[in-house]
Amino acid sequence: MNDKSKKTSHWDDYSFETQAIRSGHNRTHEDEHSVPIFTTSSYVFASAAEAAERFSGSQPGNIYSRFTNPTVNVFQERLALMEGGERCLAFSSGMAAIMAVGMGLLKAGDHVVSSRSVFGNSVLMFQNYFGKFGVTTDFVDLTDLSAWERAITPKTQFLFLETPSNPMMEIADIKAIAELAHAHDILLVVDNVFCTPVLQKPLALGADIVVHSATKYLDGQGRCVGGAVIASDELIEKSIYPFLRTGGATMSPFNAWVFLSGLETLALRMKTHCENAAELALWLEGQPAVRQVFYPGLKSHPQHDLAAQQQAGFGGVVSFELEAGQTKAWELIDATQMISITANLGDVKTTITHPASTTHSRLTPEARFEAGISDGLLRISVGLEDIADIKNDLSRGL
Ligand SMILES: *Cc1c(COP(=O)(O)O)cnc(C)c1O
């Protein structure tokens, strides 16, 4: 069609770090070094005949920025390469990307199996919105392969999961679940927000679709909201692009430009996020007020070996449960002086969240209990500040 987001084969020959910095940008006649921001809503055709050819899809090229934009195209091409996928489409948010997957693949009467431990709004998207149009969703334990299998029906279209999960940091065996999906001729969709392609490549492990909230690590500095879907050319062309074009949850060129600079430092940032998180997790394990620490890098994590196999690092998010409940958890949050009290994650700044009363507050208490999210649970997205300062700040309330 008239979408120029297809990756070029040229960059396949380069390593990940190089792709993250250079791929996707074809210099314009102005010879610019940095990717330009194309703030144009439409594009001009040389003739009436060319306009007709662009609209019919017989000639590639831009028509309107709801469909394609040159700055957004650079982001799409680069992220597709980094995830090892054929094609990427950018969206206005991570939730818009997840909605597009559902709108593109589901119809009334269809069924989805989702991990119980996914982002709160993803649960609401499946239950309240796809549910409203006659799609049913069953939620299963992320780590229980037989539960996934039992939940699949002849109407199931795809399996949906996040790994590590938010906020409990459980690990799904992507390869095993992909094999299960393919044995039933259905798709596996993986939300790769927590790991990013630096630490985990779901498509290489057998997943069919990767979704992203670019808002988190891809930006890395908490500036813009955005999302992406990465999949085969065929899936994007047939199922996702037509919905983007009509549904209109398009990424703005400015946001794409911010995310592009984020991608350039992603590998470096993830390395330090992992180092700081590993040190903090170990330290928290030694604190008397802490009942349990949830971090896949810890030997105490029940799926430590799987995480080590599947991921190139253990990530930057650490959750921990206090011996006492909500009052003490809130006290700890309020005693911090540096750490930001905000629900965002993946930022260079360390952030702290009380999931039960914020990100997961719209779930029923039963659903929270089943997901293991107690009132004493805190989630920290470990930033790139000096780890000694992060520990000191938490010590105040411990
Ligand atoms: C934030 C987040 C989303 C949603 O992304 P938005 O950009 O906020 O719409 C989806 N999945 C995970 C794991 C997230 O952390």
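Colleague: Which residues come nearest to the ligand?
Modeller: This is a predicted model, where local features need pLDDT of at least 70, side-chain atom pairs count only at pLDDT 80 or more, and totals for chains, interfaces and linings use all residues. Residues are numbered from 1 along each chain as its sequence is written, and side-chain values use heavy atoms, leaving out hydrogens and water. A residue counts as near if one of its heavy atoms lies within 4 Å of the molecule. There are 13 residues around the ligand, and those that come nearest are Gly94, Asp191, Ser213, Thr215 and Lys216.

Colleague: How far from a nitrogen atom of the ligand is the polar side-chain atom of Asp191?
Modeller: A polar contact here is a pair of N or O atoms within 3.5 Å. Thr215 has a polar side-chain atom 2.6 Å from a ligand oxygen atom, and Lys216 has one 2.7 Å from an oxygen atom of the ligand. For Asp191 and the ligand nitrogen, the distance is 2.6 Å.

Colleague: How far apart are the end C-alpha atoms of helix α10?
Modeller: Helices are DSSP runs (H or I, at least four residues), numbered from the N terminus. The expected span is 1.5 Å times one less than the number of residues, so the 12 residues of α10 (residues 253-264) should span 16 Å. The computed distance agrees with this: 17 Å.

Colleague: Which helices are included in what covers the buried residues of α10?
Modeller: Buried means under 20% relative accessible area (1.4 Å probe, protein chains only). The buried residues of α10 include Pro253, Phe259 and Leu263. With contact meaning heavy atoms within 4.5 Å, their cover includes α1 (16-22), α3 (70-83) and α11 (266-285).

Terms used
A polar contact is a pair of N or O atoms within 3.5 Å; within protein, one must be able to donate a hydrogen and the other to accept it, and residues adjacent in sequence count only if both atoms are side-chain atoms. Helices (H or I, at least four residues) and strands (E, at least two) are DSSP runs, numbered from the N terminus. Buried means under 20% relative accessible area, exposed over 50%, partly exposed in between (1.4 Å probe, protein chains only).
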